[in-house]
Every structure is written in structure tokens, then in C-alpha cells.
Amino acid sequence: MSTPQEVTIRVGQGFDIHTFSTDRHRPLVIGGVTIAGSPGLAGHSDADVLAHALADALLGAAGLGDLGNHFPDDDPAWAGADSTQLLAKVVDRVAEAGFGPVNADCTVIAEQPRLAPHLPAMRRRLTEILSSPVNVKATTSEGIGPIGNAEAIAALAVVLVRQRRSDGGSSRTSSRAEVQPGSAIPSESAR
Ligand SMILES: [Zn+2]
């Protein structure tokens, strides 16, 4: 038997749902990817349902509450905000709390549009922001309920985070990129 691991890992889960907007000019943004040809979702920010679920999962894993605590949806600063920037800030706050993401697995539930062609871009974008592997899957609601009636899109996320130890105890398995608190947010703008 090996000695007990001193590395602390924690799990977090997130859920979000947004209805479709009546504003025909609102873009649909999921996982930081703008999907042309579909109505957008209603929300204070860009309503990126996947970025929000993933951010909530990260905050939950680090014991930091939820996205609404950190970025109140009545704060004008976040009106129309690019949610990948919120997600990057959440990654920073999780890092400040001493944790870094190990991996995340996400599911987007949407009757329309068809998301399969966009999943690789979502995975790339979110993996870049977390500096850890992010998997994104898509499914439908089989035509039932508000999601099945194409009134809303929901997203689920589960993330594992690992405590960063400054005593060198975990140096053997360094994560791929140590996100430094206050480091610059990836500046790729929303399209
Ligand atoms: Zn949301």
C-alpha cells in the first residue's frame, strides 16, 4: 500500500438554463462559440448557458458560492458581457483560493439548433480558458418540456479541481498551466 495521497481534490457541479430571446438580433453564444443562423438566448450577459454552468461548477468545487454572488445579474458592468471573460475571472478566483481545474465534462441540452458541428470549437475554447481538458457533449430533450419545445437551452457541468500545494508535495504531477491570480484574461474577443 502506498502512503495516503496528500493532494486534495474536489468536485463541483453546475446547471444553467436560458430561454430564447425575442430579440432577433441577439446572437446565440454557447461555450464561447457564436452559432450563426439561430436565435439567441435571453439574459443579462451574452447568456452563454454553458460558460455559466461551467463557472458555477468551478466555484462550487472551490467552495466559493455561485456565479450570481460574484457577478450579480443586476450589475450594469456585465450587461451583454462576454461570458468567457466571466469564466476566465472565475478560473482566477478559484486559483486564488488555491485550486486548479483537473478536467471538466459538460452537457448542453438543446432541441435546436444542432450543436454537434460546434462541439469541437466549444471544447477548444473552454479548454483554453481552463488550461485543462474540457469535454462538451450535446443531447436533446426528446421533444418534451420547454427544452424539447425549443423554448430554452440548458447546460450541465461537472468539474474536478485539485488543491495546489506550495510545499512541493505535488510537483510530480504538475497541471499543464498554472493560472496565476490576476493574470491577463485571454483577449480573444466575442464574435
Ligand atoms: Zn446563465
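I17 has A154 in β6 as its bridge partner, and the strand β1 (residues 9-19) is joined to β6 by 11 bridges, the two running antiparallel. β6 also pairs with β4 in the antiparallel sense, over 10 bridges, and N103 stands opposite L160 of β6. The two pairings are set out below.

| Strands | Sense | Bridges |
|---|---|---|
| β1 and β6 | antiparallel | 11 bridges |
| β4 and β6 | antiparallel | 10 bridges |

The largest nonpolar core of this predicted model comprises 48 residues, and those with the most contacts inside it are L50, L54, L58, C106 and V108. Among the elements that give two or more residues to this core are α1 (49-61), β4 (99-109), α4 (119-130) and β6 (152-163), and the largest share, 10 residues, comes from α1. If neighbours within four places in sequence are left aside, the contacts of C106 include L50, A53 and L54, as well as V134, V136, A155 and A157.

The helix α4 has 12 residues and reaches 16 Å from its first C-alpha to its last, close to the 16 Å expected at 1.5 Å a residue. Which residues of α4 are buried? They are M122, R125, L126, I129 and L130, and because they cover an arc of only 125 degrees around the axis, they lie on the same side of α4. The buried residues of α4 pack against β2, β3 (33-35), α1, α3, β4 and β5. After α4 comes S131, whose phi is positive, near 55 degrees.

How values were computed
Residues numbered from 1 in each chain as written. Predicted model: local features only at pLDDT ≥ 70, side-chain atom pairs only at ≥ 80, totals over all residues. Core = buried A, V, L, I, M, F, W, Y, C linked by C-beta atoms within 7 Å. Buried ≥ 20, exposed ≤ 12 C-beta atoms within 10 Å, placed from the backbone. Helix = DSSP H or I, 4+ residues; strand = E, 2+ residues; numbered from the N terminus. Contact = placed C-beta atoms within 7 Å. Expected span 1.5 Å × (residues − 1). Arc of directions from axis to C-beta. Pairing = 2+ DSSP bridges.
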